[in-house]
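Grab your viewer and a pencil. Here are a few exercises to work through, each with a solution that goes step by step.

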Amino acid sequence: IDKKAEQAAIRELTNKTFTMDELMEIGEAAYNRSCAGCHQVNGQGVPGVFPSLVGQGIAIGPVEAHIDIIVNGQAGTAMQAFGDQLSELDQAAIITYERNAWGNNVGDITQPIDVYNWKKGKR
């Protein structure tokens with residue numbers, strides 16, 4: 001990507017700071033489209049096949065690890081990489097949703113620019 005295109009992408013992603021409510025609404029819809037098939041609508045997963053996201057693991061751990069697994073997937077598992085499949089907004093919203101749904105209530109927010117910066121190695 002040339003510098004002008006990169007600057008335009010950054011401007012677009014920082015054009016709006018999303019609220020928790022907005023991210024939760026967008027995140028729930030994106031989660032139901034892209035994640036619920038494995039992790040279930042209630043986040044409980046399928047024991048022994050797809051891990052639960054409720055009260056444990058990636059959904060309540062360090063946000064950096066959560067961004068990484070959404071963007072890059074996890075080798076050797078069914079967890080695919082969504083970095084090139086979903087928009088930065090959808091990825092950020094899914095992360096925010098998973099961290100704050102089903103009683104997780106971590107309380108943090110991931111913005112689209114956070115995902116973009118992760119992808120660019122600007123952690």
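Predicted model: local features only at pLDDT ≥ 70, side-chain atom pairs only at ≥ 80, totals over all residues.

Residues are numbered from 1 along each chain as its sequence is written, and side-chain values use heavy atoms, with hydrogens and water left out.

**Exercise 1. Work out how helices H4 and H6 pack, and which residues make the contact.**

Step 1: find the helices. Helices are DSSP runs of H or I with at least four residues, strands are runs of E with at least two, and both are numbered from the N terminus. H4 covers residues 63-72 and H6 covers residues 112-119.

Step 2: get the geometry. Axes are lines fitted to C-alpha atoms, for helices over the stretch in contact, and angles run from 0 to 180 degrees between N-to-C directions. The two axes lie 10 Å apart, at an angle of about 70°. That makes H4 roughly perpendicular to H6, given that 65 to 115 degrees counts as roughly perpendicular, under 35 as roughly parallel, over 145 as roughly antiparallel and the rest as oblique.

Step 3: list the contact (heavy atoms within 4.5 Å). H4 brings Glu64, Ile67, Asp68, Val71 and Asn72, and H6 brings Val115, Trp118 and Lys119.

Step 4: sort by class. Ala, Val, Leu, Ile, Met, Phe, Trp, Tyr, Cys and Pro count as nonpolar, Asp, Glu, Lys and Arg as charged, and the others, Gly among them, as polar. The tally for H4 with H6 is 4 nonpolar, 1 polar and 3 charged residues.

**Exercise 2. Pick out the buried residues of H4 and H6, and say what they pack against.**

Step 1: set the cut-offs. Buried means under 20% relative accessible area, exposed over 50%, and partly exposed in between, using a 1.4 Å probe and protein chains only.

Step 2: take H4. Its buried residues are His66, Ile67, Ile69, Ile70 and Val71, and they pack against helix H5 (88-100) and H6.

Step 3: take H6. Here the buried set is Pro112, Ile113, Val115, Tyr116 and Trp118, packing against helix H1 (3-14), H4 and H5.

Step 4: look from the H5 side. Alanine 92 is found in helix H5 and is buried at 0% relative accessible area. Leaving aside neighbours within four places in sequence, alanine 92 touches Thr110, Gln111, Pro112 and Val115.

**Exercise 3. Track down salt bridges, and note how accessible their partners are.**

Step 1: start with the idea. Side chains of opposite charge can pair when their charged atoms come close. A salt bridge here is a side-chain nitrogen of Lys or Arg within 4 Å of a carboxyl oxygen of Asp or Glu, and the count comes to 4.

Step 2: go through some pairs.

- Glutamate 22 pairs with lysine 16, closest N and O atoms 3.0 Å apart; glutamate 22 is partly exposed at 28%, as is lysine 16 at 37%.
- Lysine 119 meets glutamate 88 at 3.2 Å, N to O. This pair links distant parts of the chain, with lysine 119 in H6 and glutamate 88 in H5, 31 residues apart.
- Arginine 99 meets aspartate 108 at 2.9 Å, N to O; arginine 99 is buried at 2%, while aspartate 108 is partly exposed at 21%.

**Exercise 4. Find residues with a positive phi.**

Step 1: know the background. Most residues other than glycine have a negative phi.

Step 2: check the loop between H5 and H6. Tryptophan 102 sits there with a positive phi of about 55°, and is partly exposed at 23%. Asparagine 105 is also in that loop; its phi is positive, near 45°, and it is exposed at 55%.
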